[in-house]
Amino acid sequence: MAPTQLQPARGTHDLIGEEFRRHHQVVETARRIATLYGFEEWVTPIFEDTRVFARSLGDTSDVVTKEMYTFEDRGGESVTLRPENTAGVCRALVSNGLTQGGLPRKVFYAGPMFRYERPQKGRYRQFHQIGLEILGAAEPLADAEAIAAGWHIQQELGIDDGTVLEINTLGDGPSRDAYRAALVAYFQQHAESLSADSKVRLEKNPLRILDSKDKGDRALIEGAPTIFAYLTPEAAAFFEGVKRHLDRFGVPYRVNPRIVRGLDYYSHTAFEFVTEKLGAQGTVMAGGRYDGLVEEMGGPPTPSVGWAAGVERLGLLLEVAGSTPAAARPVAIIPVGEAAEGPALDLLQRLRRAGVVAEIGYKGNLKRRMERANKQSARAALILGEDEIAKGMVQLRNLDAGTQESLTLAEVVARVAAPARG
Ligand code: ATP
Ligand code: MG
């Protein structure tokens, strides 16, 4: 019996060809811009002690209640595949003894995340995020700088058109207590029309109702009070500060009082970059301020702010914009006859050392090798025949223009290394 052909596990996907190139473009662009803003990259483990997430994400977030990949390892420890990386970065700050001195620390990361979700376009069980964290900064300028870096990355990718920054404040502790009471009073009047999930939220964390995707809930949320009437003067001034700095950074935004983050650890600033171009999966980048999280990990009070963005969703925006990066076009080295093989390999390596993408077929006559060069969309073919080699010459065929000329070996390296020609 033939073995069954195995498929990728549900909700996972392979990154090959155009998909890989978009992914790579997103991550490399983000890495480059983050460096310009003074961020250093951290790589933290893909799985952590379950308590890292259970403690920090709160026990009412969807991520903790329904989406975590948690299992016991062979030693009986409960471990979880990271559903996000902010908790891991905060854990790493504390476990590496980095909470004293050297703050603020600005951290960039990129890597896979895992959530047990119903897979759809732009929503996977293994997906990838890029993200920034500014650890140990209580000033609204930090919030604005993190957001400005995120906006800069989207501009650099050429996908800022049609994407809007929506920001809100969740206030400080006293603001939120007062607001929570007002929300409970409001939703209790409509309790019978709330979804089952939101009835539970009303008990445990009424703010979370504002994040509900249920249609009936959404209608009720329209009429709910906003936090603005309940902000303390300090919280209101903080929000004003963030907006003022965003103006100075030249980042456009829209205040949306319904934005709350999906995780429980946020205070003050909450924001999302949203687009109409991806249907229901419209949030591409999301974040906010989390002043209590490092303490949850056993560290000292360390006010922090950050965001995470879905690489697949940014990649979809690149695709929609028609900006999928092209594959590199090689120069094909084509030896004709056995005596040409040595010089061909020599030229091949000289080109590669000069930074030219160069390829050689492993076998075949001139015709087969030319066919392969065209298939690889080579930009040029360098044909080394025995007669030419005797004279120290090589034929350069421009595969776009169809022109051909005879050059010395020294000339040809300089010629194909110049990107505009060849
Ligand atoms: P959503 O409301 O879409 O479920 P979220 O609030 O759960 O998003 P965050 O936890 O804030 O998302 O994660 C930040 C970003 O990571 C999201 O804005 C999105 O771009 C991306 N993301 C989150 N979950 C997934 C997923 N399952 N598949 C692909 N990308 C995801
Ligand atoms: Mg989610």
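1. Let's start with one residue, His268, whose place is in strand E9, residues 267–275. Have a look at its backbone: phi is near 50 degrees, a positive value in a residue other than glycine. Is the residue buried or exposed? His268 counts as buried, because its relative accessibility is 11% and the cut-off for buried is under 20%. Keep in mind as you click around that this is a predicted model.

2. Now zoom out to the whole chain. How many helices and strands are there? The chain has 15 helices and 16 strands. Its C-alpha atoms fill a box of roughly 90 × 65 × 45 Å, taken along the principal axes. The radius of gyration is 28 Å, whereas a compact globule of 422 residues would come out near 22 Å. Do keep that pair of values in your notes.

3. The domains come next. Domain 1 is made of two stretches, 18–172 and 232–320, and domain 2 covers 331–421. How far apart are the C-alpha centres of the two domains? They lie 48 Å apart.

4. Of its 422 residues, 50% are buried. The accessible surface is about 20400 Å², and carbon and sulfur atoms account for 51% of that. As for charge, there are 51 positive and 55 negative side chains, and the centres of these two sets lie 5 Å apart. Then there are the contacts: if you take those between residues at least 6 apart in sequence, 69% join residues at least 24 apart.

5. Helix H11 deserves a stop. It runs over residues 311–320, and eight of its 10 residues are buried, so the helix is largely enclosed by the rest of the structure. Which residues are these? They are Val311, Glu312, Arg313, Leu314, Gly315, Leu316, Leu317 and Leu318. Notice that Glu312 and Arg313 are on that list of buried residues. Just after the helix, Gly322 takes a positive phi of about 65 degrees.

6. Another positive phi turns up at Ser377, which is not a glycine; the angle is near 40 degrees. You'll find Ser377 in the loop between helix H13 (366–375) and strand E14 (380–384).

7. Which two residues does it join? It links Leu103 and Pro104, with omega at about 0 degrees. Pro104 belongs to the loop between helix H4 (86–95) and strand E5 (105–114).

8. What does Phe187 touch, leaving aside neighbours within four places in sequence? Its contacts are Leu194, Leu202, Ile209, Leu210, Leu220, Ile221 and Ala224. For a sense of scale, Phe187 and Lys215 are 28 residues apart in sequence and 15 Å apart in space, C-alpha to C-alpha.

9. Ile227 is in a loop, the one between helix H8 (215–222) and helix H9 (233–249). Even so, Ile227 counts as buried, at 2% relative accessibility. Not counting residues up to four places away in sequence, Ile227 touches Asn168, Thr169, Leu170, Gly171 and Tyr179. Its C-alpha is separated by 24 Å from that of Gly282, 55 residues away along the chain.

10. Is Glu67 buried or exposed? At 11% relative accessibility, Glu67 counts as buried. Leaving aside neighbours within four places in sequence, its contacts are Asp62, Phe114, Arg115, Tyr116 and Glu117.

Conventions: Residues numbered from 1 in each chain as written. Chains lettered and ligands numbered in written order. Predicted model: local features only at pLDDT ≥ 70, side-chain atom pairs only at ≥ 80, totals over all residues. Heavy atoms only, no water. Helix = DSSP H or I, 4+ residues; strand = E, 2+ residues; numbered from the N terminus. Rg over C-alpha atoms; globule rule 2.2 N^0.38 Å. Buried < 20%, exposed > 50% of the residue type's maximum accessible area, 1.4 Å probe, protein only. Contact = heavy atoms within 4.5 Å. Areas by Shrake-Rupley, 256 points an atom, 1.4 Å probe, with all protein chains shown as cover. Lys, Arg positive; Asp, Glu negative; His and termini not counted. Charge placed at Lys NZ, Arg CZ, Asp CG, Glu CD. Domains from an automatic or database assignment.
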